[in-house]
Amino acid sequence: MYGFDYHRPTALADVVALLIADEDAKVLAGGQTLIPTLKQRLAMPSALVDLSAVPGLREIVAEGDGVRIGAMATHAAVARNALVRAVLPGLADLAAHIGDAQVRNRGTIGGSIANADPAADYPAAVVALDAIIRTDRRDIAGGAFFTGLFETALQPGEVMTSLFFPAASHARYAKFSNPASRYAMAGVFVAKRGDAVRAAVTGAGPSVFRWHAAEAALSARFSADALDGLVLDAEGLNSDMHADAAYRAHLVGVLARRAIA
Amino acid sequence: MSVAITLTVNGAPVSLEVDPRLLLSQLLRDELGLTGTHVGCDTSQCGACTVHLDGLSVKSCAVLAVQADGADVLTIEGITGPDGALHPMQAAFREHHGLQCGFCTPGMVMGAIELARTARDLEEATIREGLEGNLCRCTGYQNIVKAVRAGAQAMREG
C-alpha cells in the first residue's frame with residue numbers, strides 16, 4: 001500500500017468537509033474492495049475517511065410499503081434482517097450469497113453500490129426495484145445511478161447514506177458465480193411492481209443494464225416460458241477467460257428464467 | 001501519519017501507535033507476536049487469517065488495524081479455556097483429524113465457531129456453504145466438515 005492519512009469523523013458533515021477539502025481522499029465503508037485494491041497499489045488515495053463512527057448509517061427501518069437500509073449495513077445484516085426478509089426476501093437472499101461469510105460481515109450495501117463493480121450483485125437489485133439512493137444532499141433514482149464501468153451519479157464529495165427499496169409482488173435474483181472469485185459471471189434480478197416488470201442484468205456487461213425485450217415479454221405474461229425464443233444480443237457483453245460474450249448472453253437467459261420460477 | 005489505537009485482544013487491553021496502512025493481520029502477528037493467525041494468500045480469499053472482530057469472523061488481512069480501534073478481537077490463541085483446555089471446536093478438529101498440513105486450521109476453527117453459532121442447521125451442505133471463505137490447499141474438506149459438525153454439536157450441547 002502507498003501511505004495515506006486516516007480520519008474517522010463522528011458526523012456526516014465532517015465526512016463531506018474532509019472529502020471536499022481533499023479531492024484525493026476516499027470514503028472507507030467496509031473496505032472489502034478498497035483494502036485489497038490498496039494492497040495491490042491500484043489506488044493511491046491521500047486519505048481514507050472512515051464512515052464507521054457516523055451514527056445512524058447502519059439502520060434498517062420500515063418506510064411506506066418498503067424498507068430503508070442504511071449505507072453501512074453489512075451484507076450479513078441485510079441477509080438476516082427480519083424486515084428485509086419479510087418485505088423483500090429476494091433481496092435478503094441476494095445479500096446472503098455475496099462473497100463469503102467473512103466478507104459479508106464487513107462489506108456494506110453502500111460500499112458495494114458506490115463502487116459499481118460490473119460483477120457486483122446489489123446493482124441488479126437497485127435497478128430492477130428502482131431503489132432510491134439517498135446521499136448527504138439529494139435522492140437519486142436507482143435507474144439513473146449507474147453510469148458506466150465503476151462510474152455512478154455520485155458527485156465528488158457526495159456520500160451515500162441510505163437506500164429505499166419499495167416492496168414488490170415479485171423480487172428474485174439468480175446468478176451464476178465464478179467458482180473462484182464468487183463474483184457474478186452473470187446475474188439477473190427480476191422485479192414486478194404492479195404491472196411493471198424490470199429485469200436488471202449484472203456481471204455480463206460493463207455496467208448493470210436492463211433487458212428491455214425480456215421486460216416487455218414478462219409484462220405481457222409473467223411466466224418463464226414468456227421468454228421462450230428470446231435471446232439477449234451478445235454484442236458489447238463482457239468476454240474474458242471465464243466466459244465469452246455469447247456464453248454470458250446464454251447465461252442471462254437461463255438466469256432470467258430462474259429468477260421468475 | 002500515525003494513529004493511536006486501543007483495542008482488546010484475547011481479553012487484554014492493547015494500546016499502540018500504528019501507520020494507517022498496517023493490517024489487522026500484521027498488528028496481530030508482527031506487533032503482538034500472535035502468529036497463530038496465519039496469512040495464506042493475503043488477498044482475502046483463503047481465510048487462514050480469520051479472527052473474530054466484535055464477535056464476527058473477518059479476514060484480518062482485509063481489515064486495517066485502525067478500523068479495529070475500540071474493538072474486541074479474538075484470535076486462535078484466545079479460544080482455549082482458562083485451564084488450557086481445547087475449545088470444543090479445536091477438540092473436534094483433533095478428534096476427527098480435520099487437518100492435513102494444518103496451515104488453514106486456525107482460520108477454519110475461527111470461521112467454524114461463528115458458523116456453529118449462526119447456522120440454521122448442521123447439514124453437510126450448510127457447513128460447506130458456511131466455510132466458502134476458508135480454503136484448504138490439502139483439500140482435506142471431508143474431515144473438516146466432520147470436525148465442524150461435531151464441534152458445533154458440542155458447542156450447542158455445552
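Chain B is divided into domain 1 (3-78) and domain 2 (88-157), with domain bounds taken from an automatic or database domain assignment. For chain A, the assignment gives domain 1 (5-50) and domain 2 (60-258). This is a predicted model, in which local features need pLDDT of at least 70 and side-chain atom pairs count only at pLDDT 80 or more, while totals for chains, interfaces and linings use all residues. Residues are numbered from 1 along each chain as its sequence is written, and chains are lettered from A and ligands numbered from 1 in the order in which they are written.

**Chain A overall**

- Chain A contains ten helices and 14 strands; helices (H or I, at least four residues) and strands (E, at least two) are DSSP runs, numbered from the N terminus.
- The radius of gyration of chain A is 18 Å, which agrees with the value near 18 Å that a compact globule of 261 residues would have. This radius is taken over C-alpha atoms, and the globule rule is 2.2 Å times the number of residues to the power 0.38.
- The C-alpha trace of chain A spans about 55 × 45 × 30 Å along its principal axes.
- Of the 261 residues in chain A, 50% are buried, a residue being buried if 20 or more other C-beta atoms, placed from the backbone, lie within 10 Å of its own.
- Among the contacts in chain A with a separation of 6 or more, 58% are between residues 24 or more positions apart. Two residues are in contact if their C-beta atoms, placed from the backbone, lie within 7 Å.

**Sheet in chain A**

- Three strands of chain A form an open sheet in the order S1-S3-S2, with parallel pairing; two strands pair if DSSP finds at least two bridges between them.
- The edge strands are S1 and S2 (25-28) of chain A, each of which pairs on one side only.
- From one strand to the next, the twist averages 25°, with axes fitted as lines to C-alpha atoms and angles running from 0 to 180 degrees between N-to-C directions.
- S2(A) and S3(A) pair in the parallel sense over four bridges. A:Ala25 has A:Ala47 in S3(A) as its bridge partner.

**Domain contacts within chain A**

- The C-alpha centres of domain 1 and domain 2 of chain A lie 25 Å apart.
- Twelve residues of domain 1 of chain A are in contact with 15 residues of domain 2 of chain A.
- Helix H1 (residues 12-21) of chain A gives the most to the domain 1 side, with five residues.
- That side has seven nonpolar, four polar and one charged residues. Ala, Val, Leu, Ile, Met, Phe, Trp, Tyr, Cys and Pro count as nonpolar, Asp, Glu, Lys and Arg as charged, and the others, Gly among them, as polar.

**Domain contacts within chain B**

- The C-alpha centres of domain 1 and domain 2 of chain B lie 21 Å apart.
- In chain B, 15 residues of domain 1 are in contact with eleven residues of domain 2.
- Strands S3 (50-53) and S4 (56-59) of chain B are the elements that give two or more residues to the domain 1 side; S3(B) gives the most, with three residues.
- By class, this side of domain 1 of chain B has six nonpolar, nine polar and no charged residues.

**Interface between chains A and B**

- The interface brings 18 residues of chain A into contact with 22 residues of chain B.
- On the side of chain A, strand S1 (5-7), helix H2 (34-39), strand S3 (47-50) and helix H6 (101-106) give two or more residues.
- H6(A) gives the most to this side, with five residues.
- The residues of chain A that touch chain B divide into eight nonpolar, six polar and four charged.

How values were computed. Buried ≥ 20, exposed ≤ 12 C-beta atoms within 10 Å, placed from the backbone.
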